[in-house]
Amino acid sequence: MTRPGTTSSERLARLLNLVPYLLARPGVEVAQAAADLGATEAQVRDDLELLWVCGLPGYGPGDLIDMAFDGDRVTITYDAGIDRPLRLRPDEATALVVALRMLAETPGIAQRDAILRALAKIESAAGDVADAPIAVQSPDGGSADDRLATVRAAVERGRALRITYYTATRDESTERVIDPMRVIVVADRSYVEAWCRRAGAVRLFKIDRIDALTELDEPAAPPPQAQSTVVDEQVFRPSQELPSITIRIGRGDRWITEYYPVESVDEITPEEWLVTLRVSDLDWARRFVLGLGPGVDVIAPKELAESVRGAVLEALAAYA
């Protein structure tokens with residue numbers, strides 16, 4: 001069992017490094033191992049107990065990893081081939097550095113200090129790879145914080161903005177002119193609520209999806225019908241005008257009923273649920289269903305089922 005305050009991923013990383021560490025230091029004291037690995041003695045002892053019972057079906061002690069104890073000292077007597085510490089390949093290290101730098105630049109993000117600490121550790125471990133000139137910024141050359149500051153300034157001055165905005169549901173970027181109304185933060189994400197002249201309606205734009213923006217020399221002029229919406233922790237509010245989909249899911253996919261606003265959940269069997277929810281569009285729904293995997297069946301609408309089936313056949317053909 002993972003101790004409070006320790007995530008499963010952190011423990012897995014420690015377990016993968018523990019065996020090669022002990023192989024290189026036979027008879028090391030548990031206290032010394034804990035200090036070197038940045039863990040507590042209790043955590044290391046728990047890890048040793050878990051490693052000892054990792055085995056083949058039946059899971060008897062010492063099947064794959066075996067060890068000998070002499071007081072507070074431990075020696076690995078069989079390593080099951082786990083004889084090298086976990087290392088990142090250059091491309092993996094670069095990807096992590098870029099992702100963490102991008103996350104650190106996201107406006108309104110929570111626990112920025114923790115992100116920067118993790119970034120520093122990876123950069124230190126990656127060595128020369130992390131020293132490469134990797135800069136994370138928007139196409140217009142400004143950081144996410146700069147974009148947020150520009151939007152706030154436009155709201156305060158009552159100016160319109162021209163933005164290039166990435167819409168994830170359609171996987172496309174569009175240019176539009178908006179009349180900003182206010183900046184809000186929901187669930188650690190920053191948005192600008194504005195009248196979108198392209199859509200002819202009030203829209204919420206995520207700041208971190210604005211690729212470029214320019215303050216215009218004209219006042220923001222939302223029409224009289226532009227009313228601010230009530231915003232809480234749930235930004236997406238499905239309406240009756242949006243398409244409805246019905247899918248059959250297994251036990252492993254029940255989490256979607258807690259993560260997404262669903263209209264109905266019907267239990268077919270103890271193992272299968274029928275779930276109905278509204279989506280922004282069917283292109284997003286296709287990607288959503290494909291991401292859930294083979295345990296999901298599309299019941300309705302028919303065009304979504306055909307679209308998912310076509311995508312699956314296309315993928316299979318590519319592998320063939």
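Reply: The model is predicted. Let us begin with Phe205, which is buried, with a relative accessible area of 2%. Burial is judged by relative accessible area, and under 20% counts as buried.

Me: Which strand holds Phe205, and which residue pairs with it?

Reply: Phe205 belongs to strand 7 (residues 201-206), and its partner Tyr165 to strand 4 (residues 159-167). The two residues are 40 apart, and the pair links distant parts of the chain. Tyr165 is likewise a buried residue, at a relative accessible area of 7%.

Me: How many aromatic pairs does the structure hold, and why is the pair of Tyr165 and Phe205 described as edge-to-face?

Reply: There are two aromatic pairs in the structure. The ring centres of Tyr165 and Phe205 are 5.0 Å apart and the planes stand at 80°, so this pair is edge-to-face. The reasoning rests on a cut-off, because planes over 60 degrees apart count as edge-to-face and those under 30 as stacked.

Me: What is the geometry of the pair formed by Trp284 and Phe288?

Reply: Trp284 and Phe288 are stacked, with 4.9 Å centre to centre and 10° between the planes. Both residues lie in helix 8 (residues 282-292), four residues apart, about one turn of the helix.

Me: Are Trp284 and Phe288 buried or partly exposed?

Reply: Trp284 has 21% relative accessibility and therefore counts as partly exposed. Phe288, at 8%, counts as buried.

Me: Next, the nonpolar cores. Which residues have the most contacts inside the largest one?

Reply: A core is read as a set of buried nonpolar residues joined through their side chains. The largest here has 17 residues, and those with the most contacts inside it include Leu22, Val44, Leu48 and Leu51. Helix 1 (8-24), helix 2, helix 3 and strand 3 (73-78) each give two or more residues to this core. Helix 1 gives the most, with five residues. A second, separate core has 16 residues, among them Trp273, Ala285, Phe288 and Val296.

Me: How does one read the buried side of a helix? Which residues of helix 2 are buried?

Reply: One looks down the helix axis and compares the directions of the residues. In helix 2 (residues 30-37), the residues Val30, Ala33 and Ala34 are buried. Viewed along the axis, the buried residues of helix 2 fall within an arc of 100°, so they line one face of the helix.

Me: What follows helix 2?

Reply: Most residues other than glycine have a negative phi. Gly38 comes after helix 2, and its phi is positive, near 70°.

Me: The peptide bond is a related matter. Is the bond from Ala300 to Pro301 cis or trans?

Reply: Most peptide bonds are trans. The bond from Ala300 to Pro301 is cis, with omega near 0°. Pro301 sits in the loop between strand 12 (297-300) and helix 9 (302-319).

Me: How do strand 10 and strand 11 run, and how many bridges join them?

Reply: Strand 10 and strand 11 run antiparallel and are joined by six bridges. They form a hairpin with two residues between them. Within this pairing, Ser264 is opposite Thr276 of strand 11.

Me: Where does Pro270 lie, and is it buried or exposed?

Reply: Pro270 is in the loop between strand 10 (262-269) and strand 11 (272-278). With a relative accessible area of 55%, Pro270 is exposed. Beyond its neighbours within four places in sequence, Pro270 is in contact with Arg251 and Arg254.

Me: What share of the whole protein is buried?

Reply: Of its 320 residues, 33% count as buried. The protein has nine helices and twelve strands.

Terms used. Residues numbered from 1 in each chain as written. Heavy atoms only, no water. Buried < 20%, exposed > 50% of the residue type's maximum accessible area, 1.4 Å probe, protein only. Contact = heavy atoms within 4.5 Å. Phe/Tyr/Trp six-rings, centres within 6.5 Å; stacked < 30°, edge-to-face > 60°. Core = buried A, V, L, I, M, F, W, Y, C linked by side-chain atoms within 4.5 Å. Pairing = 2+ DSSP bridges.
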